[in-house]
Amino acid sequence: MTRYIIRRLLQFVPVVIIATLIVYALNFLMPGDPIRALAGDRPMSEAAMETIREEYNLNDPFLVQYGKYVWGIITAGDFGSTFSGRPLSDIIAQRLPTTLMLAAVTFSIQAVIGIIAGILAGLYKDRFIDRLVQVTTVIMVALPTLVIGFLLQLIFGLNLDWFPIAGTRDGLVSYILPGIALAAVSTGMAARMVRGELVDALQSDYVRTATAKGLSRQRVVLRHGLRNSLIPVVTFLGADLATLLGGTMVIETVFNIPGLGAMIVDSIKGQEGTVVVGIVTLFVLFFVTINLIVDLLYALLDPRIRYE
Amino acid sequence: MSEKTELDETTTRDARASTTPPSEVKTSAPVGAGDGGSGRKEAEASLWADAWRSLRRNPWFLVSGALLVVIIAMAVVPQLFTSVSPHACDLSQNRQAPTADQWFGTDIQGCDYYSRVIHGARNSMIVGVVVSAGVFVIAVLVGLLAGYFGGWIDGLLSRTTDMVFAIPYMLGALVFLNIIEDRGPMQVALVLMLFTWPTSARLMRGSVMSVVNSEYVMAAKALGAGHVTIMRRHILPNSLGPLIGYSTVFIGIIIGAEATLTFLGVGLQQPAISWGLQLTDAQSYVTSSPHLLLFPVIFVGVTVFAFMTLGDAVRDALDPKSKR
């Protein structure tokens with residue numbers, strides 16, 4: 001186990017370096033000269049452009065630029081600044097709460113609805129509620145987040161007018177539709193997973209023994225059946241927290257939510273390279289770290305798994 | 001991106017399932033014998049015949065199969081569905097609501113929206129099929145080499161796979177596509193391929209590894225068969241099942257991803273006819289002309305749904321473990 005943890009930690013470092021390097025490199029290849037774009041129609045003196053290039057390390061060789069950039073993040077939490085001079089850490093600090101709020105709403109929906117639906121379907125296998133959950137989850141899992149987002153917007157936002165269709169002015173209420181849209185795929189998968197595990201568990205020997213001992217049905221299901229069924233779901237939901245960040249780009253754009261995901265999309269359109277690299281790097285770091293934690297958690301939670 | 005979770009989940013699910021070789025059936029006893037097909041010929045008990053038999057009874061397969069036939073026809077010969085040209089537009093008639101004459105109304109350029117939406121199927125389908133086929137080839141190569149040879153080849157290939165896997169594919173594709181100035185279906189497809197192959201490669205490696213130590217492979221080795229022969233004759237046919245099912249699901253995932261990237265402004269570009277572009281245009285008029293949003297959303301949704309459901313059904317049918 002200790003060896004597994006050490007090996008996993010050692011793998012983490014090169015993955016982070018190469019992944020961030022790729023993102024940084026891609027942006028390096030962005031077309032056009034951002035300094036000229038900044039100057040707009042008015043011509044800028046060569047000296048002024050040179051000063052700006054120097055300030056953003058644009059004259060250094062590529063790897064040196066990357067090195068300076070990573071050094072800045074590690075030592076000072078400095079993700080660079082926008083071309084208009086605003087530090088990116090400012091923007092992140094301002095927009096991160098919005099995205100975290102969206103992530104929190106999404107995650108709660110996935111965990112609560114997914115697990116409850118899965119338990120109901122598993123307990124009442126082959127009954128109406130099970131069939132209902134099965135059909136619903138097939139549809140939820142097979143529709144892209146984008147489509148679910150727009151459908152919710154059209155039905156519950158425009159047609160029924162129950163929820164706002166854009167922005168975050170109404171507080172928690174404005175996060176509900178985007179949260180459901182973002183949660184749909186994983187909720188479906190979590191429900192299916194809980195159902196499958198619970199059905200297996202309820203047919204297992206230890207549950208039969210518990211029933212034979214005369215324990216109440218409630219105690220058998222809760223203490224014996226569910227306990228083992230929830231392990232894979234916990235790790236699945238954990239891993240999903242990481243991928244959820246990518247989904248924020250789409251959903252924040254669909255629902256006009258001023259978070260980090262929408263910021264990536266906006267700055268790509270505006271060719272603001274530093275912003276793209278900064279936020280994407282942040283996302284990738286988050287993604288890789290969560291995956292690491294989940295892997296370790298999985299090994300810890302499930303004693304059946306042995307790592308040599 | 002949430003589709004990514006489908007990618008992840010597939011790997012874990014198949015990793016668990018792969019403790020039994022997917023199709024030992026072929027070389028050992030006929031598996032179909034148990035479920036009442038006693039009078040059938042030996043040939044019909046093969047993995048594929050068996051899968052086909054269980055597929056025909058699966059309602060999800062029938063529904064998604066029927067939908068796919070219609071959608072593929074739409075992509076290949078859109079003229080079957082509409083005689084109106086998608087380029088015949090009348091600006092004075094823009095953003096009209098649906099009527100009996102123009103079923104889907106008109107778009108912001110005054111073009112017949114029904115015709116535009118029908119013609120949008122082709123680009124989505126090209127991207128989906130090209131990416132899925134390309135990733136299939138990469139996955140077979142990487143999975144076979146890594147799973148069969150093991151050792152440093154596996155180490156090198158698996159670490160490379162891990163690196164690419166560490167980048168969420170939507171983020172990678174978004175940043176990469178942004179540096180390409182002229183983006184047609186092929187450019188979008190290539191970039192998506194670049195970032196999405198790891199899941200399939202891992203899946204393939206897993207199923208190769210589950211057959212590589214089986215008796216029939218050892219027997220072939222003992223009889224002096226070469227690496228290429230063993231891989232082609234014994235390993236490939238017995239490890240391809242999960243990847244085939246997943247590749248169908250994958251077409252759906254990619255069509256969703258393409259529409260999303262195009263909607264975000266880094267996919268296909270005007271004047272291409274594409275569902276993603278229609279969504280971008282429609283978003284600005286969502287309150288005044290919701291029909292502009294509704295129709296492409298339904299078409300993208302149904303297409304992705306059909307591929308993913310069909311792929312799931314095929315995957316279940318090809319997995320002997322899932323049979324009851």
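Buried means under 20% relative accessible area, exposed means over 50%, and partly exposed lies in between, with a 1.4 Å probe and protein chains only. This is a predicted model, in which local features need pLDDT of at least 70, side-chain atom pairs count only at pLDDT 80 or more, and totals for chains, interfaces and linings use all residues. Residues are numbered from 1 along each chain as its sequence is written, chains are lettered from A and ligands numbered from 1 in the order in which they are written, and side-chain values use heavy atoms, with hydrogens and water left out.

Start with charge pairs. Side chains of opposite charge can pair when their charged atoms come close. A salt bridge here is a side-chain nitrogen of Lys or Arg within 4 Å of a carboxyl oxygen of Asp or Glu. The count comes to nine salt bridges over all chains.

In chain B, R205(B) and D154(B) form one of them, at 2.7 Å from N to O. This pair links distant parts of the chain. R205(B) sits in helix α8 (residues 185–212) of chain B, and D154(B) in helix α6 (residues 151–165) of chain B. They are 51 residues apart. Helices (H or I, at least four residues) are DSSP runs, numbered from the N terminus. D154(B) is buried, at a relative accessible area of 14%. R205(B) is partly exposed, at 25%.

A second bridge in chain B joins R315(B) to D312(B), with the closest N and O atoms 2.3 Å apart. Both residues belong to helix α13 (residues 290–318) of chain B. They are three residues apart there, so about one helical turn separates them. R315(B) is buried, with a relative accessible area of 4%. D312(B) also counts as buried, at 16% relative accessibility.

Elsewhere, salt bridges that share partners join K125(A), D126(A) and R131(A) into one network. Within it, D126(A) and R131(A) have their closest N and O atoms 4.0 Å apart. D126(A) is partly exposed, with a relative accessible area of 46%. R131(A) is partly exposed too, with 47%.

The backbone at D126(A) also deserves a look. Most residues other than glycine have a negative phi, and most peptide bonds are trans. D126(A) has a positive phi, near 70°. This residue is found in the loop between α5 and α6 (128–141) of chain A.

Helix α5 (residues 88–123) of chain A holds I113(A). I113(A) is partly exposed, at a relative accessible area of 48%. Together with V112(A), I116(A), L120(A) and Y124(A), I113(A) makes a nonpolar surface patch of about 430 Å². Patches are made of residues with over 30% relative accessible area and no salt bridge; like charges are joined within 9 Å, and nonpolar side chains (Val, Leu, Ile, Met, Phe, Trp, Tyr) within 5 Å. The accessible areas come from the Shrake-Rupley method with a 1.4 Å probe, and for residues only the protein chains shown count as cover.

Further along chain A is helix α11 (residues 260–269). Eight of its ten residues are buried, so helix α11 of chain A is largely enclosed by the rest of the structure. Among the buried residues of α11(A) are L260(A), M263(A), V265(A) and I268(A). In the loop between α10 (217–254) and α11 of chain A lies N256(A). Phi of N256(A) is positive, near 55°. N256(A) counts as exposed, at 53% relative accessibility. After α11(A) comes Q271(A), whose phi is also positive, near 55°.

Now the rings. Rings of Phe, Tyr and Trp (its six-membered ring) pair if their centres lie within 6.5 Å; planes under 30 degrees apart count as stacked, over 60 as edge-to-face and the rest as tilted. The structure holds eight aromatic pairs over all chains. F150(A) and F263(B) have ring centres 5.3 Å apart and planes at 85°, so this pair is edge-to-face. The pair crosses between chains, from helix α7 (residues 145–159) of chain A to helix α11 (residues 241–264) of chain B. F150(A) is buried, at 0% relative accessibility. F263(B) is buried as well, at 2%.

R202(B) lies over the face of F165(B), 4.0 Å from the ring centre. Such a contact requires NZ of Lys or CZ of Arg within 6 Å of the ring centre and within 35 degrees of the ring normal. The peptide bond from Q270(B) to P271(B) is cis, with omega near 5°. P271(B) lies in the loop between α11 and α12 (275–283) of chain B.

Terms used:
Helix = DSSP H or I, 4+ residues; strand = E, 2+ residues; numbered from the N terminus.
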